[in-house]
Amino acid sequence: MELNPIYMQRCLFLARKSEGFTKPNPMVGAVIVHDNKIIGEGYHRQFGEAHAEVNAINSVKDKSLLLTSTLYVSLEPCAHYGKTPPCAELIVKNKIPRVVIAVRDPNPKVSGKGIDMLKQSGIEVVEGILEEEAIEINRFFFVNQLYSRPYIILKWAQSKDGFIDLKRKPDENRLPVIISNKITHSIVHKFRTEVQGILVGTNTAILDNPKLTARKWFGDDPTRVVLDKNNKIPRNSFLFDGTVPTIVFTSSIPDDIKNTDNLKFIEIDFSKESNELILDHLYQERIYSLLVEGGSKLLSSFINKNLWDEAYIEVSEKKLHRGVNSPEIKGSIAATKRYLNSTQYHLKSKISRNFL
(Lines give C-alpha, C1' and ligand atoms only; values in the text may rest on other atoms or scores of the structure.)
Protein backbone atom coordinates (compact mmCIF):
# COMPACT_ATOMS: atom_id res chain seq x y z
CA MET A 1 0.00 0.00 0.00
CA GLU A 2 1.39 3.41 -0.96
CA LEU A 3 1.40 6.17 1.63
CA ASN A 4 -1.08 8.92 0.91
CA PRO A 5 -0.53 12.32 2.58
CA ILE A 6 -4.22 13.11 2.15
CA TYR A 7 -5.00 10.83 5.09
CA MET A 8 -2.54 12.73 7.28
CA GLN A 9 -4.11 15.97 6.11
CA ARG A 10 -7.39 14.58 7.38
CA CYS A 11 -5.71 13.83 10.73
CA LEU A 12 -4.57 17.44 11.01
CA PHE A 13 -8.02 18.71 10.06
CA LEU A 14 -9.58 16.59 12.79
CA ALA A 15 -6.95 17.69 15.31
CA ARG A 16 -7.77 21.36 14.78
CA LYS A 17 -11.41 20.75 15.73
CA SER A 18 -10.34 20.58 19.37
CA GLU A 19 -8.48 23.89 19.39
CA GLY A 20 -8.72 25.46 22.83
CA PHE A 21 -10.16 22.36 24.51
CA THR A 22 -7.20 19.98 24.93
CA LYS A 23 -4.79 22.41 26.60
CA PRO A 24 -2.24 21.68 27.93
CA ASN A 25 -2.34 18.45 25.90
CA PRO A 26 -1.62 18.55 22.17
CA MET A 27 -4.29 18.47 19.47
CA VAL A 28 -4.19 15.08 17.77
CA GLY A 29 -6.17 13.48 14.96
CA ALA A 30 -6.22 9.85 13.80
CA VAL A 31 -7.57 8.08 10.71
CA ILE A 32 -7.83 4.34 10.00
CA VAL A 33 -7.60 3.30 6.33
CA HIS A 34 -8.57 -0.05 4.81
CA ASP A 35 -8.21 -0.67 1.05
CA ASN A 36 -7.81 3.07 0.42
CA LYS A 37 -11.00 3.86 2.29
CA ILE A 38 -11.38 5.57 5.66
CA ILE A 39 -13.20 3.19 8.00
CA GLY A 40 -12.62 5.06 11.24
CA GLU A 41 -11.42 8.40 12.54
CA GLY A 42 -11.22 10.38 15.74
CA TYR A 43 -9.50 13.19 17.57
CA HIS A 44 -8.60 14.15 21.12
CA ARG A 45 -11.69 16.17 21.95
CA GLN A 46 -10.94 17.47 25.43
CA PHE A 47 -8.26 17.32 28.11
CA GLY A 48 -8.67 14.21 30.23
CA GLU A 49 -10.83 12.39 27.70
CA ALA A 50 -9.98 9.61 25.25
CA HIS A 51 -7.11 10.19 22.85
CA ALA A 52 -7.44 10.36 19.06
CA GLU A 53 -6.34 6.74 18.48
CA VAL A 54 -8.90 5.42 20.96
CA ASN A 55 -11.75 7.35 19.34
CA ALA A 56 -10.65 6.26 15.86
CA ILE A 57 -10.48 2.55 16.81
CA ASN A 58 -13.81 2.74 18.64
CA SER A 59 -15.45 4.27 15.56
CA VAL A 60 -14.65 1.25 13.37
CA LYS A 61 -17.80 -0.88 13.05
CA ASP A 62 -16.12 -4.07 11.80
CA LYS A 63 -13.12 -4.55 14.08
CA SER A 64 -11.85 -7.49 11.97
CA LEU A 65 -10.81 -4.94 9.33
CA LEU A 66 -8.23 -3.54 11.74
CA LEU A 67 -6.07 -6.61 11.10
CA THR A 68 -5.35 -5.35 7.56
CA SER A 69 -5.60 -1.59 8.06
CA THR A 70 -3.24 1.38 8.41
CA LEU A 71 -3.54 3.89 11.23
CA TYR A 72 -2.52 7.47 10.45
CA VAL A 73 -1.95 9.72 13.47
CA SER A 74 -0.59 13.26 13.71
CA LEU A 75 1.53 12.67 16.86
CA GLU A 76 3.38 9.65 18.19
CA PRO A 77 1.03 7.40 20.22
CA CYS A 78 1.71 7.61 23.93
CA ALA A 79 3.33 4.68 25.77
CA HIS A 80 2.74 5.77 29.35
CA TYR A 81 -0.18 5.76 31.76
CA GLY A 82 -1.65 9.20 32.41
CA LYS A 83 -5.30 10.12 32.62
CA THR A 84 -5.85 7.41 29.98
CA PRO A 85 -4.07 4.09 29.20
CA PRO A 86 -1.26 4.04 26.59
CA CYS A 87 -2.52 4.38 23.01
CA ALA A 88 0.41 2.31 21.70
CA GLU A 89 -0.76 -0.56 23.88
CA LEU A 90 -4.29 -0.32 22.44
CA ILE A 91 -2.91 -0.37 18.88
CA VAL A 92 -0.92 -3.51 19.67
CA LYS A 93 -3.94 -5.11 21.30
CA ASN A 94 -6.03 -4.52 18.17
CA LYS A 95 -3.23 -5.91 15.95
CA ILE A 96 -3.15 -2.99 13.53
CA PRO A 97 -0.21 -3.93 11.26
CA ARG A 98 0.90 -0.47 10.15
CA VAL A 99 1.06 2.97 11.78
CA VAL A 100 1.97 6.21 9.99
CA ILE A 101 3.07 9.04 12.31
CA ALA A 102 3.52 12.70 11.40
CA VAL A 103 5.93 13.61 14.21
CA ARG A 104 7.45 12.15 17.37
CA ASP A 105 6.46 13.37 20.80
CA PRO A 106 8.85 16.27 21.63
CA ASN A 107 9.07 15.37 25.32
CA PRO A 108 12.60 13.90 25.71
CA LYS A 109 11.33 11.59 28.47
CA VAL A 110 8.77 9.86 26.24
CA SER A 111 9.88 10.57 22.68
CA GLY A 112 10.25 7.35 20.70
CA LYS A 113 8.87 5.07 23.41
CA GLY A 114 5.51 4.69 21.71
CA ILE A 115 7.23 3.91 18.43
CA ASP A 116 9.51 1.36 20.13
CA MET A 117 6.50 -0.39 21.69
CA LEU A 118 4.86 -0.68 18.28
CA LYS A 119 7.99 -1.93 16.54
CA GLN A 120 8.72 -4.48 19.24
CA SER A 121 5.27 -5.93 18.60
CA GLY A 122 6.01 -6.32 14.91
CA ILE A 123 4.06 -3.30 13.73
CA GLU A 124 5.46 -1.38 10.76
CA VAL A 125 5.99 2.28 11.64
CA VAL A 126 6.45 5.12 9.15
CA GLU A 127 7.44 8.58 10.37
CA GLY A 128 7.66 12.13 9.03
CA ILE A 129 4.53 12.45 6.88
CA LEU A 130 3.55 16.18 6.99
CA GLU A 131 5.90 16.61 9.95
CA GLU A 132 6.23 20.41 9.72
CA GLU A 133 2.47 20.87 9.54
CA ALA A 134 1.98 18.59 12.54
CA ILE A 135 4.50 20.58 14.59
CA GLU A 136 2.89 23.84 13.56
CA ILE A 137 -0.57 23.04 14.92
CA ASN A 138 0.97 22.01 18.26
CA ARG A 139 3.54 24.78 18.58
CA PHE A 140 2.37 25.47 22.17
CA PHE A 141 3.06 21.87 23.16
CA PHE A 142 6.44 21.75 21.44
CA VAL A 143 7.71 24.91 23.16
CA ASN A 144 6.49 23.57 26.51
CA GLN A 145 8.32 20.29 26.08
CA LEU A 146 11.52 21.66 24.57
CA TYR A 147 12.01 24.75 26.76
CA SER A 148 9.99 23.99 29.95
CA ARG A 149 8.20 27.33 29.87
CA PRO A 150 4.83 28.68 28.75
CA TYR A 151 4.30 29.50 25.09
CA ILE A 152 4.30 33.31 24.95
CA ILE A 153 2.06 35.43 22.74
CA LEU A 154 2.37 39.21 22.76
CA LYS A 155 -0.59 41.37 21.78
CA TRP A 156 -1.14 45.09 21.42
CA ALA A 157 -2.93 47.69 19.30
CA GLN A 158 -1.24 50.86 18.14
CA SER A 159 -2.09 53.99 16.21
CA LYS A 160 -0.82 54.59 12.70
CA ASP A 161 1.83 56.95 14.11
CA GLY A 162 3.10 54.42 16.65
CA PHE A 163 1.37 55.04 19.99
CA ILE A 164 -0.56 52.56 22.13
CA ASP A 165 -2.30 55.12 24.35
CA LEU A 166 -2.18 58.68 25.59
CA LYS A 167 -0.13 59.25 28.73
CA ARG A 168 -2.37 58.96 31.77
CA LYS A 169 -2.03 59.19 35.55
CA PRO A 170 -4.02 57.13 38.08
CA ASP A 171 -5.62 60.20 39.71
CA GLU A 172 -6.96 61.47 36.36
CA ASN A 173 -9.55 58.68 35.98
CA ARG A 174 -9.21 58.85 32.19
CA LEU A 175 -10.22 55.86 30.10
CA PRO A 176 -7.72 54.35 27.63
CA VAL A 177 -7.89 55.44 24.01
CA ILE A 178 -9.95 52.98 21.95
CA ILE A 179 -7.71 51.81 19.12
CA SER A 180 -9.20 48.39 18.33
CA ASN A 181 -12.50 48.11 16.46
CA LYS A 182 -15.43 45.82 17.29
CA ILE A 183 -14.11 42.94 15.18
CA THR A 184 -10.54 42.98 16.47
CA HIS A 185 -11.78 43.38 20.04
CA SER A 186 -13.76 40.15 19.68
CA ILE A 187 -10.74 38.43 18.12
CA VAL A 188 -8.70 39.32 21.21
CA HIS A 189 -11.30 37.55 23.34
CA LYS A 190 -10.98 34.53 21.06
CA PHE A 191 -7.21 34.56 21.72
CA ARG A 192 -7.96 34.52 25.45
CA THR A 193 -9.91 31.27 25.16
CA GLU A 194 -6.93 29.62 23.44
CA VAL A 195 -4.39 30.31 26.21
CA GLN A 196 -4.21 29.36 29.86
CA GLY A 197 -2.91 32.63 31.26
CA ILE A 198 -3.11 36.35 30.52
CA LEU A 199 -0.56 38.80 31.92
CA VAL A 200 -0.66 42.54 32.63
CA GLY A 201 1.52 44.88 34.67
CA THR A 202 0.74 47.17 37.57
CA ASN A 203 0.05 50.32 35.54
CA THR A 204 -2.38 48.57 33.22
CA ALA A 205 -4.20 47.06 36.19
CA ILE A 206 -4.52 50.45 37.91
CA LEU A 207 -5.25 52.66 34.90
CA ASP A 208 -7.59 50.32 32.99
CA ASN A 209 -9.08 48.16 35.78
CA PRO A 210 -9.43 45.29 33.26
CA LYS A 211 -11.49 42.13 33.72
CA LEU A 212 -9.24 40.08 31.39
CA THR A 213 -12.03 37.61 30.64
CA ALA A 214 -13.21 36.06 27.37
CA ARG A 215 -16.76 37.37 27.72
CA LYS A 216 -17.08 38.17 24.00
CA TRP A 217 -16.21 34.66 22.80
CA PHE A 218 -17.26 31.12 23.65
CA GLY A 219 -14.64 29.30 25.73
CA ASP A 220 -12.82 29.26 29.04
CA ASP A 221 -11.43 32.35 30.74
CA PRO A 222 -7.64 32.25 31.16
CA THR A 223 -6.01 32.55 34.56
CA ARG A 224 -5.36 36.22 35.18
CA VAL A 225 -1.75 37.06 36.03
CA VAL A 226 -0.70 40.48 37.27
CA LEU A 227 2.57 42.02 38.43
CA ASP A 228 2.17 44.12 41.57
CA LYS A 229 5.64 44.54 43.02
CA ASN A 230 4.68 47.10 45.67
CA ASN A 231 1.01 46.10 46.17
CA LYS A 232 -0.39 49.25 44.59
CA ILE A 233 -3.44 47.74 42.89
CA PRO A 234 -6.67 48.65 44.76
CA ARG A 235 -8.42 45.73 46.46
CA ASN A 236 -11.72 46.67 44.78
CA SER A 237 -10.26 46.12 41.28
CA PHE A 238 -11.90 43.58 38.98
CA LEU A 239 -8.73 41.49 39.15
CA PHE A 240 -9.49 40.79 42.82
CA ASP A 241 -13.19 40.04 42.43
CA GLY A 242 -12.68 36.28 42.81
CA THR A 243 -14.66 35.37 39.68
CA VAL A 244 -11.66 34.03 37.75
CA PRO A 245 -8.47 32.34 39.02
CA THR A 246 -5.88 35.09 39.50
CA ILE A 247 -2.17 35.02 40.33
CA VAL A 248 -0.41 38.11 41.68
CA PHE A 249 3.38 38.39 41.66
CA THR A 250 4.66 40.69 44.40
CA SER A 251 7.90 41.45 46.25
CA SER A 252 6.16 40.90 49.60
CA ILE A 253 2.79 39.34 50.36
CA PRO A 254 0.58 41.77 52.34
CA ASP A 255 -0.37 40.73 55.88
CA ASP A 256 -4.08 41.20 55.14
CA ILE A 257 -4.02 38.76 52.20
CA LYS A 258 -4.99 35.11 52.36
CA ASN A 259 -4.64 32.90 49.30
CA THR A 260 -7.92 31.38 48.14
CA ASP A 261 -8.93 29.02 45.33
CA ASN A 262 -9.28 31.96 42.94
CA LEU A 263 -6.61 34.33 44.26
CA LYS A 264 -2.98 33.45 44.85
CA PHE A 265 -0.09 35.75 45.76
CA ILE A 266 3.43 34.62 44.87
CA GLU A 267 6.48 36.39 46.26
CA ILE A 268 9.48 36.84 43.92
CA ASP A 269 12.70 38.85 43.89
CA PHE A 270 12.18 41.56 41.27
CA SER A 271 15.89 42.48 41.40
CA LYS A 272 16.64 39.24 39.56
CA GLU A 273 15.51 38.17 36.08
CA SER A 274 11.86 38.60 36.97
CA ASN A 275 10.50 37.51 33.58
CA GLU A 276 12.21 34.14 33.89
CA LEU A 277 11.11 33.76 37.52
CA ILE A 278 7.51 34.50 36.56
CA LEU A 279 7.59 32.00 33.70
CA ASP A 280 9.10 29.33 35.95
CA HIS A 281 6.36 29.82 38.54
CA LEU A 282 3.62 29.82 35.91
CA TYR A 283 4.97 26.59 34.44
CA GLN A 284 4.89 25.05 37.91
CA GLU A 285 1.28 26.27 38.19
CA ARG A 286 0.54 24.31 34.98
CA ILE A 287 0.01 27.42 32.89
CA TYR A 288 1.58 26.39 29.60
CA SER A 289 0.51 29.28 27.36
CA LEU A 290 0.53 32.97 28.18
CA LEU A 291 -0.97 36.01 26.44
CA VAL A 292 0.85 39.21 27.39
CA GLU A 293 -1.50 42.19 27.11
CA GLY A 294 0.33 44.69 29.27
CA GLY A 295 1.68 48.12 28.50
CA SER A 296 4.72 49.05 26.43
CA LYS A 297 7.19 48.53 29.29
CA LEU A 298 6.03 44.98 30.07
CA LEU A 299 5.80 43.96 26.41
CA SER A 300 9.25 45.39 25.67
CA SER A 301 10.77 43.44 28.58
CA PHE A 302 9.75 40.18 26.87
CA ILE A 303 10.86 41.40 23.44
CA ASN A 304 14.28 42.57 24.66
CA LYS A 305 14.96 39.21 26.29
CA ASN A 306 13.71 37.33 23.23
CA LEU A 307 11.10 35.65 25.41
CA TRP A 308 8.25 35.46 22.93
CA ASP A 309 6.97 33.03 20.33
CA GLU A 310 4.25 34.95 18.52
CA ALA A 311 2.95 38.50 18.40
CA TYR A 312 -0.30 39.98 17.15
CA ILE A 313 0.01 43.69 16.40
CA GLU A 314 -2.99 45.69 15.30
CA VAL A 315 -2.19 48.93 13.49
CA SER A 316 -5.13 51.31 13.22
CA GLU A 317 -5.64 54.09 10.71
CA LYS A 318 -6.22 56.36 13.69
CA LYS A 319 -3.44 58.81 14.64
CA LEU A 320 -2.79 59.99 18.21
CA HIS A 321 0.13 62.38 17.49
CA ARG A 322 1.45 61.90 21.02
CA GLY A 323 1.35 59.45 23.90
CA VAL A 324 2.95 56.15 24.96
CA ASN A 325 5.24 54.75 22.29
CA SER A 326 4.43 51.25 21.04
CA PRO A 327 7.02 48.48 21.57
CA GLU A 328 9.61 47.82 18.86
CA ILE A 329 9.70 44.27 17.56
CA LYS A 330 11.27 42.29 14.75
CA GLY A 331 10.09 38.92 13.54
CA SER A 332 8.93 36.90 10.59
CA ILE A 333 5.48 38.01 9.42
CA ALA A 334 3.36 34.88 9.23
CA ALA A 335 0.13 36.59 8.15
CA THR A 336 -1.45 39.97 7.55
CA LYS A 337 -5.21 40.55 7.85
CA ARG A 338 -7.39 43.59 7.34
CA TYR A 339 -10.30 44.30 9.71
CA LEU A 340 -12.31 47.45 8.95
CA ASN A 341 -9.93 50.34 9.70
CA SER A 342 -7.14 48.18 11.13
CA THR A 343 -4.44 45.83 9.87
CA GLN A 344 -3.37 42.93 12.06
CA TYR A 345 0.19 41.62 11.72
CA HIS A 346 0.95 38.13 12.99
CA LEU A 347 4.66 37.67 13.76
CA LYS A 348 6.71 34.66 14.79
CA SER A 349 9.99 34.84 16.64
CA LYS A 350 13.23 33.03 15.91
CA ILE A 351 12.59 30.88 18.96
CA SER A 352 9.69 29.22 17.17
CA ARG A 353 11.35 29.17 13.77
CA ASN A 354 14.21 27.09 15.16
CA PHE A 355 11.98 24.07 14.84
CA LEU A 356 8.69 25.16 13.21
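Q: Which residues line the second largest cavity?
A: The model is predicted: local features need pLDDT of at least 70, side-chain atom pairs count only at pLDDT 80 or more, and totals for chains, interfaces and linings use all residues. Residues are numbered from 1 along each chain as its sequence is written, and side-chain values use heavy atoms, without hydrogens and water. A cavity is a set of points, on a 1 Å grid over the protein atoms alone, where a 1.4 Å probe fits but cannot get out, and a lining residue has an atom within 4 Å of a point. For the second largest cavity, the lining residues are Glu76, Pro77, Cys78, Ala79, Asp105, Val110 and Gly114.

Q: Which elements give two or more residues to the lining of the largest cavity?
A: The lining of the largest cavity includes Lys155, Trp156, Thr184, Val188, Tyr312 and Ile313. Elements are DSSP runs numbered from the N terminus, with at least four residues (H or I) for a helix and at least two (E) for a strand. Those giving two or more residues to this lining are strand S6 (151-158), helix H7 (182-193) and strand S13 (310-316).

Q: Is Glu53 buried or exposed?
A: UniProt, in an unreviewed entry, places the feature "active site" at Glu53. Glu53 lies in helix H2 (residues 52-59). Its relative accessible area is 3%, and under 20% counts as buried. Glu53 is therefore buried.

Q: Which residues does Glu53 touch, not counting residues up to four places away in sequence?
A: Touching here means contact, with heavy atoms within 4.5 Å. With residues up to four places away in sequence left out, Glu53 touches Ala30, Leu71, Val73, Leu75, Pro77, Cys87 and Ile91.

Q: What is the relative accessible area of Arg192?
A: Arg192 is one of the positions at which UniProt, in an unreviewed entry, places the feature "binding site". Arg192 lies in helix H7, and among the residues that Arg192 touches are Leu212, Arg215 and Glu293. Arg192 is buried, because its relative accessible area is 7%.

Q: Where is Leu212 placed?
A: The "binding site" feature from the unreviewed UniProt entry also includes Leu212. Leu212 is buried, with a relative accessible area of 4%, and touches residues including Arg192, Ile198 and Leu239. Its place is in the loop between helix H8 (202-208) and strand S9 (223-227).

Definitions and conventions
1 Å grid on protein atoms, 1.4 Å probe; cavity = no way out; pocket = protein on both sides within 12 Å on 5 of 7 lines; lining within 4 Å. UniProt positions renumbered as here; feature names shortened; annotations may be inferred. Buried < 20%, exposed > 50% of the residue type's maximum accessible area, 1.4 Å probe, protein only.
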